[in-house]
Amino acid sequence: MHNFSLLLLLLGLFEYASGEEGFCSAPSSESKSRPLYWKVDNPTLSPIHLQDLPGFTRSVYKSDHALITPESQVYSPLPDWINTAAAYLITPEMGSHFVMYLAKLKENSRSSLPPHDVERLIFVLQGGVTLTTGTGNSHILKVDSYAYLPPNFEHSIESDAPATIVVFERRYAPLQNHIFELRKLLPTSLAYDFNIHIMDFQPGEFLNVKEVHYNQHGLLLLEGQGIYRLGDSWYPVQAGDVIWMAPFVPQWYGALGKTRSRYLLYKDVNRSPL
């Protein structure tokens, strides 16, 4: 059995306030008029703005990648969660070895635990949630904060007001002689079999590498818009779009528009492909 000494991680993006036991609070980054990631639920390229094109969707599914856009995301009650609906966006049925979904928590909502040996990471997009550990310690997570929960770690996620989170889950692939450590970021040590990156691009900036690699990706565009190359296809993308990238699919991104682009990126790491 592995000694999971890391209970969870909470942090904001780029600016951190020190807290006890490795916990950090996210800086207040919501504007007075609109929440930080309001465009995730208010896309400008969805059919409501293209009412003369019935049946239109930008979503695409291929053997080595998928683009799941907001107008095609289907929500249904999340099994074993209370007062919560979810849209599963990336699942093993499409070829991934991880799950990514958006969970919309209503008033008096509560999560369930993931399956046995499954690790979980949550990132708060709207509102706020309370994360309670099996020992009864509670922590409030606001927009731009996230928490990592190791496999088989007792916890619950609750909210007394509407909130939206994105959830990543995967079955943990253990390595002998490696244990989790308490840090303020997901470490790069071998104990961890995935990581989450935040990528920011100013208008006109782009990836300086046309990547082709064995790692899988799951991506949620949080802000801005741009062009994503996946294989031989080029897709206009915007806040709210989700992308799955299979191993070895050629990939590249360039930011367009007048404001920055920011996306949340899952990447499996530290394990042999064999």
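**A chain of strands, walked through**

Of the 274 residues in the chain, 50% are buried (under 20% relative accessible area; exposed is over 50% and partly exposed lies in between, with a 1.4 Å probe and protein chains only). The model is predicted, so local features need pLDDT of at least 70 and side-chain atom pairs count only at pLDDT 80 or more, while totals for chains, interfaces and linings use all residues. Residues are numbered from 1 along each chain as its sequence is written, and side-chain values use heavy atoms, with hydrogens and water left out.

The chain has 0 helices and 19 strands. Both are DSSP runs numbered from the N terminus: helices are H or I with at least four residues, strands are E with at least two. Take contacts between residues at least 6 apart in sequence: 70% of them join residues at least 24 apart. Contact here means heavy atoms within 4.5 Å. The accessible surface of the chain is about 13,400 Å², and 54% of it belongs to carbon and sulfur atoms. These areas come from the Shrake-Rupley method with a 1.4 Å probe; for residues, only the protein chains shown count as cover.

Now the sheets. Strands of a sheet pair through backbone hydrogen bonds, either parallel or antiparallel. Two strands count as paired if DSSP finds at least two bridges between them. β2 and β3 pair antiparallel over 2 bridges. Within that pair, Y61 has A66 in β3 as its bridge partner.

Another open sheet has 3 strands, ordered β16-β15-β18, and its pairing is antiparallel. β16 and β18 (251-256) are at the edges with a single partner strand each, so one side of each is left without a neighbour in the sheet. The twist averages 20° from one strand to the next. Axes for such angles are lines fitted to C-alpha atoms, for helices over the stretch in contact, and angles run from 0 to 180 degrees between N-to-C directions.

Look at the hairpin in this sheet. β15 (residues 225-230) and β16 (residues 233-238) run antiparallel and are joined by 6 bridges. Y228 is bridged to Y235 in β16, and R229 has W234 in β16 as its bridge partner. The hairpin has 2 residues between its strands, and G231 in the turn has a positive phi of about 65°.

Next, follow β6. Strand β5 (residues 82-90) runs antiparallel to β6, joined by 7 bridges. In β6, A103 stands opposite A86. β6 also pairs antiparallel with strand β12 (residues 163-171), over 7 bridges. There, K104 has T164 in β12 as its bridge partner. A further 2 bridges join β6 to strand β11 (residues 155-159), again antiparallel. S109 is bridged to S159 in β11.

The largest nonpolar core has 52 residues, and L125, I165 and V166 touch the most other members. Such a core is a set of buried Ala, Val, Leu, Ile, Met, Phe, Trp, Tyr and Cys residues joined through side-chain atoms within 4.5 Å. Strand β6 (residues 99-110) gives the most to this core, with 6 residues. A second, separate core of 17 residues includes L207, Y253, Y263 and L265.

Two loop residues close the tour. S111 sits in the loop between β6 and β7 (118-126). S111 is buried, at 8% relative accessible area. Its side chain reaches the backbone nitrogen of I157 at 2.8 Å. Leaving aside neighbours within four places in sequence, S111 is in contact with W81, R120, S156 and I157.

T69 lies in the loop between β3 (65-68) and β4 (76-77). Its relative accessible area is 0%, so T69 is buried. The T69 side chain makes polar contacts with the side chain of S59 at 2.9 Å and with the side chain of E71 at 2.5 Å. A polar contact is a pair of N or O atoms within 3.5 Å; within protein, one must be able to donate a hydrogen and the other to accept it, and residues adjacent in sequence count only if both atoms are side-chain atoms. Leaving aside neighbours within four places in sequence, T69 is in contact with T57, R58, S59 and D241.
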